[in-house]
Amino acid sequence: MYSELLKYSQTFGPMEEDFYDWHKGRAKYGVWVLELDDEVFLQRYCQAQQHLSPYLISHYHRKPHITLAPCGFLMPEKNNADDYDAASLMQDVDNILSLDLSVIDCTIRNVLISYAIAPGFEVLDNQGDLGRLNGLLRKADPMDDNIDYFPHITVGLYNAQWCTRLILSALQQFAIEDDIVLQHSVIKLVSYVPTVSGGALQDELMINLSDQSMVRRSETF
């Protein structure tokens, strides 16, 4: 459960680099997600942030979500391998709808886990739908190090280089409660500003699985 964290002696602190070699001045990076709006979980999420607040940045503004797959920089035309244009988007929409899902089942394990950069909750992929969506949507990205897909919900980013044994102790002091079983019927394409660590997510497009409808939330494409 804590093996990823304990690979390191210290957590990673805030990333202050601009990463221009990655974003090349592009303003929006897109990600397919499931947003969490269950009141029971949101209360638990806030409890986790409060419990770990001494170790987390104060300016983490992202809504709780499960990442399905990163997709690239939102651009009107595809000029770079990691650009995500309208044609790529519509292909992914078709891929999502091809699975003919009406809901996505998952379970949130009510115990805190952590990577070296961020703590969170593990998500169990009950029917394998999260993994199938990741396989359909995931693009090659030099920033993800080809890490195997592990569904989770990040609760914040570490604010300093803390001893991982200290963080482990804090994680284990968070009271364990019953797992939370959820069903999702909406998949979102969201974006964030790549130069802002923990910045807010902006809605770009929403797919409602219950009626297979699509709604655009921005004028990006």
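In strand 3 (residues 83–84), D83 is the bridge partner of F73. This is a predicted model, where local features need pLDDT of at least 70, side-chain atom pairs count only at pLDDT 80 or more, and totals for chains, interfaces and linings use all residues. Residues are numbered from 1 along each chain as its sequence is written, and side-chain values use heavy atoms, with hydrogens and water left out.

Let's stay with the strands for a moment. Strands here are DSSP runs of E with at least two residues, while helices are runs of H or I with at least four, and both are numbered from the N terminus. Two strands count as paired if DSSP finds at least two bridges between them. Strand 2 (residues 65–74) has two pairings to look at, listed here:

| Pair | Sense | Bridges |
|---|---|---|
| Strand 1 (residues 29–35) and strand 2 | antiparallel | 7 bridges |
| Strand 2 and strand 3 (residues 83–84) | parallel | 2 bridges |

Buried means under 20% relative accessible area, exposed means over 50%, and partly exposed is in between (1.4 Å probe, protein chains only).

Now for a pair of helices. The axes of helix 3 (residues 86–98) and helix 4 (residues 129–137) come within 10 Å and cross at roughly 155°. Those axes are lines fitted to C-alpha atoms over the stretch in contact, with angles running from 0 to 180 degrees between N-to-C directions. The two helices are therefore roughly antiparallel to each other (under 35 degrees is roughly parallel, over 145 roughly antiparallel, 65 to 115 roughly perpendicular, and the rest oblique). Which residues make the contact? Helix 3 brings D92, N95 and I96, and helix 4 brings L133, L136 and L137. Contact means heavy atoms within 4.5 Å.

L205 sits in strand 9 (residues 202–208) and is buried, at 2% relative accessible area. Leaving out residues up to four places away in sequence, L205 touches W32, L89, V93 and I187, among others. R138 is 67 residues from L205 in sequence and 17 Å away in space, C-alpha to C-alpha. T164 belongs to helix 5 (residues 164–172) and is buried too, with a relative accessible area of 3%.
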